[in-house]
Amino acid sequence: MIRSLLAGRRWTSLRLRLLMVFCLVALTAAVSASGIAYWLNREAVLTRVQDAALGDFRQEMQNRAAALPADPTAEELQRTAELMAGSSPGYSVLLVQVGKDNRQIFGAAGPDSFGLANVPKSLQNAVNDRQKTTAANDSEYHVYWQRTKPRGNPYLVGGTRVVGGGLTGYMYKSLAQERDDLNALGWSLTIATCLALLGSALLAQAAARTVLKPVQRLGDAARRLGEGELDHRLDVSGTDELADLSHTFNKTAEALEKKVADMSAREEASRRFVADMSHELRTPLTALTAVAEVLEEEVEDLDPMIAPAVALVVSETRRLNILVENLMEVTRFDAGTAKLVLDDVDVADQVTACIDARAWLDAVELDAERGIVVRLDPRRLDVILANLIGNALKHGGSPVRVSVTVEGEWLVIAVQDNGPGIPEEVLPHVFDRFYKASASRPKSDGSGLGLSIAVENAHIHGGDITAANVSGGGALFTLRLPVDVGKVLAGDEDA
């Protein structure tokens, strides 16, 4: 869900990823540095306090505790403990003497209430463990220490035993001040980490702006290039990779502009050639058509051996005349000079007139209510209907069913034939120019331009034609045109 929300915002694509990388790197570095700094300071503080306290305690045990008699009284132990605790304030002292009758005598002094119960058993055992003296170990007893947290408060507990006697001493120092100092240091490092993260975010934003601004300019230039502004170029500054990319874009745009210009020139020349050729053919075709009509009237009086040839000449002359007219129409579409002459048209009357003019009344079933009036170009609608119905009769067979309906703001004319349908591999190409499905229509005598011209006439109205096969058999061509073509085209121009 978060990813979809981020993807919906334009600025959060590459910019967000760059910002996140900067922040993650800064966070990792800051946390690592803060963690290391905290750990080093913590060890340094605790080691300093610990060494100072244990060193002082060891010295006091050597100077004061060792000076006690072999079997001191409770008062002597208490006075010595008070002297030891008072010499270096900050820790408490507990002295334990085991008498001849194995009875323990205690002496305790200091800021904290300190008893033998506060000394961990493991530390007591280590303190009372007598070591063998060697060359490397010249003392039977050593100072041992341990950190504890009774009731959540940190303390340092240390202890040692006097050589040659039954006196054992323990020290008990609170580490609350050091804990507070380390907590303050932790908060300081946390604030520093947050400030480093904020600074990295600001730096990342500045870096993203610096890096992504040329990329955005490149994207805008590519978009304008795609919209047809082939003369648009990027301003190149610097010698970095983005400058190289801008150079490459400008060279590509220049090459594309040149290639498109060459293609446009060749296309214009080809279109001009077709138009000129079609125009030049009209004069001799007019004469040929007149001669063909005369020959057609006299064909019954001609020699039976000559009559088929005359009929073929007449047929091919008419076909050539239709081809030339279609080529000129296609040329007008390509040149953008095809114009609409709009008028209010009763669709039922228009379809009936189209069918009647071509003597198709017996082969076409019309389902259209009178009174459906739309505003379009009647001549171009006649061309569309003639091509669709003629194509259905030629390749699908009669009867051809033509239905006229209005769906909202659209006029829908469906033309369905009674043939086997259109092969699936042919269906996507039925509106292509000069396309003929030779496998299914080997004897087709059409030019392959009829359906193409029909769909171009639909497009110029703001409509379209679709082709499909009916499940019960036959092909179905559906023409959709706006009810008011002028209104639709005016809206498109405003847009």
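Is Phe-114 buried or exposed, and at what relative accessibility? Phe-114 counts as buried, because its relative accessibility is 8% and the cut-off for buried is under 20%. Please keep in mind while you browse these views that the model is predicted.

**View 1. The whole chain, to get your bearings.** The chain has eleven helices and twelve strands. It runs to 495 residues, and 34% of them count as buried. Take the contacts in the chain with a separation of 6 or more: 62% of them come from residues 24 or more positions apart.

**View 2. Phe-114 stacked on Tyr-172.** A search of the whole structure turns up three aromatic pairs. One of them is formed by Phe-114 and Tyr-172, which are stacked with 4.5 Å centre to centre and 0° between the planes. The two partners sit in distant parts of the chain, 58 residues apart. You will find Phe-114 in the loop between strand E2 (104–109) and helix H4 (121–128), while Tyr-172 belongs to strand E5 (residues 167–174). Tyr-172 is buried too, with a relative accessibility of 2%.

**View 3. Tyr-155 beside Tyr-172.** Why does this pair count as stacked? The ring planes of Tyr-155 and Tyr-172 are at 5°, with the centres 4.3 Å apart, and planes under 30 degrees apart count as stacked. This pair also links distant parts of the chain, joining Tyr-155 in strand E4 (residues 155–161) to Tyr-172 in strand E5, 17 residues apart. Tyr-155 has a relative accessible area of 10%, so this residue is buried.

**View 4. The aromatic cluster put together.** Here you can look at Phe-114, Tyr-155 and Tyr-172 as one cluster linked by ring pairs. Tyr-172 takes part in the pair with Phe-114 and in the pair with Tyr-155.

**View 5. Helix H9 against helix H10.** Now for a pair of helices: H9 (residues 378–395) packs with H10 (residues 450–460) at an angle of about 145°, and their axes are 9 Å apart. The crossing of H9 past H10 is left-handed. On the H9 side, the contact is made by Arg-380, Val-383, Ile-384, Asn-387, Leu-388 and Asn-391. H10 contributes Gly-450, Leu-451, Ile-453, Ala-454, Asn-457, Ala-458 and Ile-460. By type, the residues of this contact divide into eight nonpolar, four polar and one charged.

Key: Residues numbered from 1 in each chain as written. Predicted model: local features only at pLDDT ≥ 70, side-chain atom pairs only at ≥ 80, totals over all residues. Heavy atoms only, no water. Axes fitted to C-alpha atoms, helices over the stretch in contact; angles between N-to-C directions. Helix = DSSP H or I, 4+ residues; strand = E, 2+ residues; numbered from the N terminus. Left-handed = near helix turned anticlockwise from the far one by under 90°. Contact = heavy atoms within 4.5 Å. Nonpolar A, V, L, I, M, F, W, Y, C, P; charged D, E, K, R; others polar. Buried < 20%, exposed > 50% of the residue type's maximum accessible area, 1.4 Å probe, protein only. Phe/Tyr/Trp six-rings, centres within 6.5 Å; stacked < 30°, edge-to-face > 60°.
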